Amino acid sequence: MIGQRLEVRQGQGLVITPQLQQAIKLLQLSNLELEAFVEAELERNPLLQRDETDAGGDAAPDAANDAASADGGDEAELRFVEGSDAHAQNMDAASDDLYGDAAPGERVSDRQEDGAAQPGLNDWSRTGAGGMADGEERERPDHRDLTLWEHLQAQASAAGLSAADHGIALTLIDATDEGGYLRADLGEIAERLGVDISRVEAILSVCHGFEPTGVMARSIAECLTLQLVERNRFDPAMGALLDNLELLARRDLTALRKACGVDAEDLGEMIAELKGLTPRPGAGFGGEPAQTVVPDVHVRPDPAGGWRVELNADTLPRLLMDKRYHSVIAAGARSDTEKTFVADCAAQASWLVKSLDQRAKTILKVSSEIVRQQDAFLAFGVEFLRPLTLKTVAEAIEMHESTVSRVTSNKYVSTPRGVFELKFFFTAAIQSSDGGAAHSAEAVRRRIKTMIDGEDADGEVLSDDRIVEILNEAGIDIARRTVAKYREALKIPSSVQRRRLLKTA
C-alpha cells in the first residue's frame with residue numbers, strides 16, 4: 001500500500017563551508033583576480049584594511065615570514081614551519097579536481113588512453129552530483145571567442161612534440177603578436193632556453209604548419225609564401241614577386257615584370273593571387289587586452305649553490321583586521337541585527353587574513369619543490385626537463401594533488417631562463433610496466449624510430465601492435481594508440497605503406 005511516513009536516517013556526506021569554499025577559490029585565483037577580489041572585500045567589510053607597512057625590499061611579506069630561515073635575513077633560503085600546511089590540507093577536494101598527472105601537451109596519460117580524460121582545472125568546485133555545493137550559484141559557461149594564443153597552444157599540445165620541444169613551441173607562441181607574426185629573435189630564444197638555434201628553427205617549421213596558414217611568420221613575405229605553398233601556387237616567379245614587394249607597393253609594374261620574368265598578363269594574375277591571401281592570419285581570432293605577466297614567484301641563483309625561491313611581495317595583498325575599530329562598533333551595537341553584522345564582519349575578516357597567509361605559504365612550498373625537481377632545466381636548458389607529475393610534487397610536500405593543481409593554475413615563476421607558468425614544468429612520462437623508473441616520452445619516441453629504421457625488405461615490418469609488444473617486453477607500459485600517435489608525429493608511414501615502399505625500393 002502507498003502511504004506517508006517519517007523516517008530518521010544516519011549517513012555521511014561531504015559538506016564544504018562557505019569559508020572553506022572561499023579558501024579553495026583564493027588558492028586558484030591569479031594575482032590579478034586576487035587583487036580584484038581583495039578590493040571588493042575591502043569595500044564590503046569595514047573591519048578590513050590594507051597593511052601599509054613597508055615589506056622591506058624583496059623580502060616576502062608576513063604571509064611568508066613564518067617560512068623564513070632561522071637567520072631571518074631577507075635573502076635567506078626559505079623553509080617551512082612544521083604544521084604550516086595544515087590549513088592547506090583542509091583545502092583539499094576530491095581527485096576529480098585535478099588536471100591529471102600528464103604534461104600540458106598530453107593531459108591524458110598512457111594509462112588512461114582507453115578511458116575518459118580527467119576533468120580540467122575548472123572542475124574545482126564540484127562537490128556533489130550536480131557539481132555544486134548546496135545553495136551555490138551555478139557559474140555560467142564562458143562563451144568568449146578563442147584567442148589566437150589559445151588556438152596555437154592547443155595545436156602545439158596535439159603536435160606530438162617532446163616535452164623539451166613543446167616548451168620551445170610555447171615560447172615561440174608567446175612571442176607571437178595579435179596579427180599572427182612572430183616578434184622575437186630566434187637566436188635570443190635559443191640562448192635563453194639553452195638549445196641550438198637549429199632546433200628552435202625546426203620547431204618553428206612545425207609551428208608554420210599550424211592553422212591559420214601563415215601564422216608565426218617573421219615577415220609579410222614569409223606569411224604569403226606559407227599560404228602559397230599550401231595552395232601549391234608557389235613558383236620561382238612568385239618567389240621573385242615576394243622578394244620585390246616594395247616594387248609592388250610603388251606600383252612599378254615594369255620593374256616587377258623584369259624581376260619576375262613574366263609578361264603583363266601573368267603579372268596581373270600573380271598580383272590577383274596575392275590579393276586573395278591573408279596578410280594578417282591572426283586577425284580572425286578573439287583578442288584580449290594585452291596584460292603583462294607578473295610572476296608570483298622569483299627564482300634566483302644562490303651564491304652558495306642551488307636556487308633561491310622567493311615570493312613576489314608585489315602580488316601579495318597585505319590585509320589586517322582593524323581591532324580597534326571593531327571594539328568601537330561592537331560596543332556601540334544595540335540591536336541583534338547590528339551585533340550579528342559586526343560579528344560576521346569580524347569572522348570574515350579574520351578568515352580572509354588567515355586564508356591569504358596560508359595561500360602564500362602554499363604557493364611558496366609548491367614552487368620550491370618544483371624548482372628542486374627541475375633544477376637541471378634551470379641550470380642547463382629545456383632539454384633537461386624531467387618527467388614530473390602532480391602526484392610526485394604532492395607526495396614530496398605531503399599535500400593533496402588537488403591543492404597542487406590549484407596552486408599551479410594561473411601562477412607564474414620568474415627564472416633566469418624566462419617567465420613560465422608553473423604548469424610548464426609538468427612534463428609527460430610513460431610508466432614502467434615492471435614498476436621501475438618512468439620512461440620519458442621522447443626516449444620512447446626515439447626507440448620507436450630506431451626500431452622502424454632497422455626494417456628492411458627481407459625482414460619483419462613492425463606493426464603498431466608488434467611495437468607495443470616489444471616495448472612491453474622492455475618494461476615500457478604503452479598503448480597502441482600512443483605508438484600510432486608518436487609514429488605519426490615522427491612522420492613515419494604505417495606498416496602497410498612502409499611494406500610497399502620497401503618492396504618498391
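**Entry 1: ground rules**

Helices (H or I, at least four residues) and strands (E, at least two) are DSSP runs, numbered from the N terminus. My model is a predicted one: local features need pLDDT of at least 70, side-chain atom pairs count only at pLDDT 80 or more, and totals for chains, interfaces and linings use all residues. Residues are numbered from 1 along each chain as its sequence is written, and side-chain values use heavy atoms, with hydrogens and water left out.

**Entry 2: the whole chain**

I looked up the helices and strands. The chain has 22 helices and eight strands. Next came burial. Buried means under 20% relative accessible area, exposed means over 50%, and partly exposed lies in between (1.4 Å probe, protein chains only). Of the 505 residues in the chain, 44% are buried.

Then I checked contacts, meaning heavy atoms within 4.5 Å. Among contacts with a separation of 6 or more, 67% come from residues 24 or more positions apart. For the surface I used accessible areas from the Shrake-Rupley method with a 1.4 Å probe; for residues, only the protein chains shown count as cover. The chain exposes about 27200 Å². Carbon and sulfur atoms supply 49% of that area.

**Entry 3: strands that pair**

Two strands pair if DSSP finds at least two bridges between them. I began with β2 (residues 297-301). Strand β2 pairs with β5 (residues 412-415) in the parallel sense, over two bridges. There, H298 has S414 in β5 as its bridge partner.

Strand β2 also meets β3: five bridges join them, and they run antiparallel. P301 stands opposite W307 in β3. The hairpin of β2 and β3 has five residues between the strands, and G305 takes a positive phi near 110° there. How many of the five residues in β3 (residues 307-311) are buried? I found four, so I noted the strand as mostly covered.

Strand β5 has another partner, β6 (residues 418-421). Four bridges join β5 to β6, and these strands run antiparallel. The bridge partner of T415 in β6 is G418. A hairpin of two residues links β5 to β6.

L48 is in strand β1 (residues 48-50). Is L48 buried or exposed? L48 is buried, with a relative accessible area of 7%. I left aside neighbours within four places in sequence and listed its contacts: E41, L42, L319, L320, A349, L352 and V353. L48 and L352 are 304 residues apart along the chain, yet their C-alpha atoms are separated by 9.2 Å.

E41 lies in helix α2 (residues 31-44). E41 counts as buried because its relative accessibility is 11%. Not counting residues up to four places away in sequence, E41 touches L48 and L352.

**Entry 4: cores**

A nonpolar core is a set of buried Ala, Val, Leu, Ile, Met, Phe, Trp, Tyr and Cys residues joined through side-chain atoms within 4.5 Å. In soluble globular proteins, nonpolar side chains tend to be buried together. Here, the largest nonpolar core has 54 residues, and L172 and V382 touch the most other members. Apart from that core lies another, of 18 residues, among them L224, A240, L242 and L247. I also listed what V382 touches, not counting residues up to four places away in sequence: A164, G167, I168, L193, V195, F377 and F424.

**Entry 5: helix α20**

In α20 (residues 464-473), D464, I467, V468 and L471 are buried. Why do they lie on the same side of α20? They cover an arc of only 105° around the axis, which puts them on the same side. The arc is that of the directions from the helix axis to the C-beta atoms. Just after α20, G475 takes a positive phi of about 90°.

I searched for disulfides, that is, pairs of cysteine sulfur atoms within 2.5 Å. The structure holds zero. C207 is buried at 0% relative accessibility, and C345 is buried at 4%.

A cis peptide bond joins E211 and P212, with omega about -5°. P212 is in the loop between α8 (197-207) and α9 (220-230).

N232 is not a glycine, but its phi is positive, near 60°. N232 is in the loop between α9 and α10 (236-243), and is exposed at 68%. N410 also has a positive phi, about 60°, although it is not a glycine. N410 counts as partly exposed, at 32% relative accessibility.
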